Amino acid sequence: MEKFVVIGGNKLRGDVNIESAKNAVLPMMAGAILTSDEVVIKNCPKISDVLNMTLILNSVGVKTFFSENDLVINAKNVTGNAVPYFLMKELRSSIFMLGALLGRVKSAFVFSPGGCNLGNRPINYHVSALKELGIEFTEKDEKLLFNGTVKGGKVILPYPSVGTTENIILASVISNAVVCIENSSIEPEVIDLINFLSSMGAKIKVNDRTICIKGVNKLHGTKYKPISDRIEAGTFIISTLITRGNTTLHNVNCKNILPLTNKFQNNTCKIYPKDDIIQISDVGTIRKFNVITGPHPAFPTDLQSQVIALLAVTEGNSFVYDTVYSERFSHLIGYQSMGAKIRQKGSIAFIEGVNKLNGSLLYANDLRGGAGLTCLALYPFDKSEIYGVQHIDRGYLDFDKKLKSLGANVSRVSY
Ligand code: EPU
């Protein structure tokens, strides 16, 4: 097992490169099985969620290998329709095999996916949307069996769910049908999946929150560079602000990170976006702000824990309301143990900013919570230990090494 040992107090300084977006790459990996040609996902981060997804692809006969930083996927032979139970439980994105297998072999045998523990995360929207589109569904014990080809029509999602939107797209791109999704997710990662599939010959149109897919007979191979990870970028912006540092982030999609950077307009800290670079400098007093998370273009829930860490050391009272996951607050106990003044009521964290914290023993229960704990541990001139690093490794490539390269005193220790 591994932990991070952090001694805070150092200002982050220097340059850091942002990786391709985890949540864009994972559905693309499933989408790669929609063609028997070779697919290359360029600059694919070797994080544990990606490595587990390669095992899932291998389990249905698909070949994968890394050529330096590019992931090569060859689905010439898809030998099965079933994803093993233990692999389904490794990550939430295993559920993308449902849409992709339906698209390729018109049948999928899966289980409820695992993933970060953020409270109840059902897949009822996925199931009802696919049933509405004519897919047969049977459930026995924990086994979920889907069969058939999508027939044309319109589905109206009860909520703009990212995964449901992506699964419907994956199931529909190879078909004889026209499928329209209303109230769809328009997260940048969904749009990037659409661009990836379009580069393979798919016909998909996006108009506001309506996505229409005109099925085609066949897709071809592609070499595709996914968008940059807005959540990793946001995490480095926040950790720079927490330490009142001065950093430059490269390979950033500045537009996709606006829900965060907009919070600092008229603030005394300076964030300069230019092309694919964000520079954070002259971090003086940060003014408090409130946050309500929601589907894009609202503030992303995946930056909720990190922004609470920042507000915990920002003067004044603020609140953060997570409308996406009402129970995604397991990091608060760690913040409180460091001396942060935070009170949770339902899905809202009320924060009273302080300027002094102490080090503590911290436990990461999920990916973003673990990132938030690490960010806050950079603040006090004290030692903290963060356990549960395997959760952080799901989504951040070399998080400790990157922080270290910016001057943080962080080490990864086996125990
Ligand atoms: N929901 C349902 N039923 C469903 C699907 C979703 O009730 O069938 C609920 C969820 O429980 C949640 C809300 O709807 O409360 C939003 O879920 P959504 O389907 O949009 O999320 P997801 O596809 O499971 C993706 C990201 C998450 C991110 C959310 C929201 C991937 C692989 N995961 O999950 O990323 O939090 O969208 O933006 O794309 C992370 O990266 O740390 C992470 C958790």
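Leaving aside its neighbours within four places in sequence, which residues is N52 in contact with? In this predicted model, the residues in contact with N52 are E90 and L91. N52 sits in helix α2, which covers residues 48–59. Its relative accessibility is 16%, so N52 counts as buried, the limit being under 20%.

**Pockets and cavity**

| Space | Volume | Lining by class |
|---|---|---|
| Largest pocket | about 1,000 Å³ | 14 nonpolar, 13 polar, 14 charged residues |
| Second largest pocket | about 230 Å³ | 7 nonpolar, 4 polar, 2 charged residues |
| Largest cavity | about 30 Å³ | 3 nonpolar, 2 polar, 4 charged residues |

The largest pocket has a volume of about 1,000 Å³. It is lined by 41 residues, and R92, R121, V162, V324 and Y325 are the closest to its centre. Four helices each supply at least two residues of this lining: α1 (22–31), α5 (124–132), α6 (162–172) and α12 (367–377). Of these, α6 gives the most to the lining of the largest pocket, with 4 residues.

The second largest pocket has 13 lining residues, and those nearest its centre are P188, I191, K255, N256 and H296. Here α7 (188–198) and α9 (258–261) each supply at least two residues. The helix that gives the most to the lining of the second largest pocket is α7, with 4 residues.

The structure also holds 1 cavity of 30 Å³ or more. The residues that line the largest cavity are E19, S20, K22, P45, I47, D229, E232, G395 and L397.

**E19 at the cavity**

E19 is one of the residues lining the largest cavity. Its place in the chain is the loop between β2 (13–17) and α1. Is E19 buried or exposed? E19 counts as buried because its relative accessibility is 17%, and the limit for buried is under 20%. The side chain of E19 makes a polar contact with the side chain of K402, at 2.6 Å. With neighbours within four places in sequence left aside, the residues in contact with E19 are P45, I227, S228, D229, E232, N251, L397 and K402. P45, D229, E232 and L397, among these contacts of E19, are also listed in the lining of the largest cavity.

**T64 in strand β4**

T64 lies in strand β4, residues 63–67. T64 is partly exposed, because its relative accessible area is 21% and buried means under 20%. The side chain of T64 makes a polar contact with the side chain of N58 at 3.0 Å. Apart from neighbours within four places in sequence, T64 is in contact with T54, L57, N58, L71, V72 and I73. T64 and V40 are 24 residues apart in sequence, and the distance between their C-alpha atoms is 9.8 Å.

**Nonpolar cores**

Nonpolar side chains tend to be buried together in soluble globular proteins. The largest nonpolar core in this model has 73 residues. Within this core, the residues with the most contacts are M29, M97, I169, V173 and L197. Leaving aside neighbours within four places in sequence, M97 is in contact with A30, I33, M53, I56, L57, V60, V83 and L102. A second, separate core has 65 residues, including F4, L241, V354 and L357.

**Helix α5**

Helix α5 is one of the helices that supply at least two residues to the lining of the largest pocket. Which residues of α5 are buried? They are H126, V127, A129 and L130. An α-helix has 3.6 residues a turn, so residues three or four places apart point the same way. The elements that cover the buried residues of α5 include α4 (96–105), β7 (136–140), β8 (143–147), β9 (153–156) and α6. Helix α6, listed in this cover, also gives the most to the lining of the largest pocket. After α5 comes G134, whose phi is positive, near 95°.

Key
Residues are numbered from 1 along each chain as its sequence is written. This is a predicted model: local features need pLDDT of at least 70, side-chain atom pairs count only at pLDDT 80 or more; totals for chains, interfaces and linings use all residues. Side-chain values use heavy atoms; hydrogens and water are left out. On a 1 Å grid over the protein atoms alone, a cavity is a set of points where a 1.4 Å probe fits but cannot get out, and a pocket is an open set with protein on both sides within 12 Å along at least five of seven lines; lining residues have an atom within 4 Å of a point. Grid points are joined across faces, edges and corners, and a volume is the space filled by probe spheres set on the points. Ala, Val, Leu, Ile, Met, Phe, Trp, Tyr, Cys and Pro count as nonpolar, Asp, Glu, Lys and Arg as charged, and the others, Gly among them, as polar. Buried means under 20% relative accessible area, exposed over 50%, partly exposed in between (1.4 Å probe, protein chains only). A polar contact is a pair of N or O atoms within 3.5 Å; within protein, one must be able to donate a hydrogen and the other to accept it, and residues adjacent in sequence count only if both atoms are side-chain atoms. Contact means heavy atoms within 4.5 Å. A nonpolar core is a set of buried Ala, Val, Leu, Ile, Met, Phe, Trp, Tyr and Cys residues joined through side-chain atoms within 4.5 Å.
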